Amino acid sequence: MTQEQWTAVDHYFTDLLVPPDPALDAALQTSAAAGLPPHNVSPNQGKLLLLLAQIQGARTILEIGTLGGYSTIWLARALPSDRRLITLEVDPKHAEIARVNIAHAGLSDIVDLRLGQALSTLPQIAAEGHTFDLIFIDADKPNNPDYFTWALKLSRSGSLIIADNVVRNGAVVDSSSSDPSVQGVRRFNELLASEPRVNATAIQTVGSKGYDGFAIAIVTTDQ
Ligand code: SAH
Ligand code: DHB
Ligand code: MG
């Protein structure tokens with residue numbers, strides 16, 4: 001199996017199931033033109049996020065790691081118009097592009113983008129008394145263990161926690177890896193395993209973004 005095949009199959013499913021969308025397509029184009037890294041979820045993964053948020057009946061969503069707002073737009077579209085998605089981004093250039101893309105998608109009233117280190121903005125969000133029905137962790141991987149701790153604090157019984165990039169081309173099984181992202185993801189996975197307040201699994205994925213995967217956990221107790 002090759003990257004070429006994975007990409008062809010992703011295109012096959014995307015052509016069938018993910019129709020062209022002016023706002024989403026523009027978000028990718030604007031992000032690429034501005035030189036943002038191509039680290040957005042793929043179209044069929046974005047639609048999976050939308051479906052998970054809809055299955056969850058999510059009314060409040062937290063995203064850690066906005067980039068150009070591509071996954072943000074997918075997730076925000078699952079929300080009723082009177083509800084909120086808070087998304088956290090440290091890079092002012094990424095945030096600026098994301099604001100343009102989110103506005104172009106007509107979602108500025110739903111999306112609350114907070115600029116800053118997530119480990120600084122998360123305590124503020126907790127102090128404001130928010131809880132979230134769905135939390136998507138997709139920022140700097142070395143901080144994943146801390147993001148999981150915050151996600152739990154900001155959850156209620158039944159909240160869904162989803163983390164992107166937990167396989168990292170298979171490197172996740174290398175316990176002696178010197179890559180801080182691999183170690184962050186491994187520690188995160190171990191926390192999922194040992195935390196009695198969540199029930200979790202993880203899935204490997206291949207596709208246009210290569211070989212990676214996501215973890216998904218449901219919070220089973222009120223915090
Ligand atoms: N969720 C996006 C992709 C996010 S890429 C999508 O699928 O479309 C990861 C993002 O996390 C980058 O924009 C990066 O700048 C941001 N990031 C990295 N470290 C961060 C931190 N400490 N706090 C907040 N955001 C951070
Ligand atoms: C990287 C980060 C991501 O969130 C992603 O989906 C793909 C790649 C990265 O930092 O390399
Ligand atoms: Mg990611």
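Reader: How do α2 and α5 lie relative to each other, roughly parallel or roughly antiparallel?

Author: Two packed helices are described by the angle between their axes and the distance between the axes. In this predicted model, helix α2 (residues 22–33) and helix α5 (residues 92–104) pack at about 165 degrees, and their axes are 9 Å apart. Angles over 145 degrees count as roughly antiparallel, and α2 and α5 are therefore roughly antiparallel to each other. Their crossing is right-handed.

Reader: Which residues of α2 and α5 make the contact?

Author: On the α2 side they are Pro22, Ala23, Ala26, Ala27, Thr30 and Ser31; on the α5 side they are Ile97, Asn101 and His104. By class, this contact of α2 with α5 has five nonpolar and four polar residues, with no charged ones.

Reader: At what angle do α7 and α8 cross?

Author: The axes of α7 and helix α8 (residues 180–194) cross at roughly 35 degrees and come within 7 Å. Asn144, Pro145 and Phe148 of α7 meet Gly184, Val185, Arg187, Phe188, Leu191 and Leu192 of α8. These residues divide into six nonpolar, two polar and one charged.

Reader: Is α7 mostly covered or mostly open?

Author: Mostly covered: seven of the ten residues of α7 are buried. The buried ones are Asn144, Pro145, Tyr147, Phe148, Trp150, Ala151 and Leu152.

Reader: What does Gly184 touch beyond its neighbours in sequence?

Author: Gly184 is found in helix α8. Not counting residues up to four places away in sequence, Gly184 touches Lys141, Pro142, Asn144 and Pro145. At 5% relative accessibility, Gly184 counts as buried, because the cut-off for buried is under 20%. Gly184 and Val166 are 18 residues apart in sequence, and their C-alpha atoms are 9.3 Å apart.

Reader: Which residues are the protein donors of the magnesium ion (ligand 3)?

Author: To read a metal site, list the donors, then find their places in the chain. The protein donors here are Asp138 (OD), Asp164 (OD) and Asn165 (OD1), which lie 2.0 to 2.2 Å from the magnesium ion. Along the chain they follow the spacing D-x25-D-N. Asp138 lies in the loop between β4 (134–137) and α7 (144–153), and Asp164 in strand β5 (residues 160–164), so the pair ties together parts that are 26 residues apart in sequence.

Reader: Are Asp138 and Asp164 buried or exposed?

Author: Asp138 counts as buried at 13% relative accessibility. Asp164 counts as buried as well, at 10%.

Technical notes:
Residues are numbered from 1 along each chain as its sequence is written. Chains are lettered from A and ligands numbered from 1 in the order in which they are written. This is a predicted model: local features need pLDDT of at least 70, side-chain atom pairs count only at pLDDT 80 or more; totals for chains, interfaces and linings use all residues. Side-chain values use heavy atoms; hydrogens and water are left out. Donors are N, O and S atoms within 2.8 Å of the metal (3.2 Å for Na, K and Ca); water is not among the atoms, so sites may look incomplete. Helices (H or I, at least four residues) and strands (E, at least two) are DSSP runs, numbered from the N terminus. Buried means under 20% relative accessible area, exposed over 50%, partly exposed in between (1.4 Å probe, protein chains only). Axes are lines fitted to C-alpha atoms, for helices over the stretch in contact, and angles run from 0 to 180 degrees between N-to-C directions. Angles under 35 degrees count as roughly parallel, over 145 as roughly antiparallel, 65 to 115 as roughly perpendicular and the rest as oblique. A crossing is left-handed if the near helix is turned anticlockwise from the far one by less than a right angle, and right-handed if clockwise. Contact means heavy atoms within 4.5 Å. Ala, Val, Leu, Ile, Met, Phe, Trp, Tyr, Cys and Pro count as nonpolar, Asp, Glu, Lys and Arg as charged, and the others, Gly among them, as polar.
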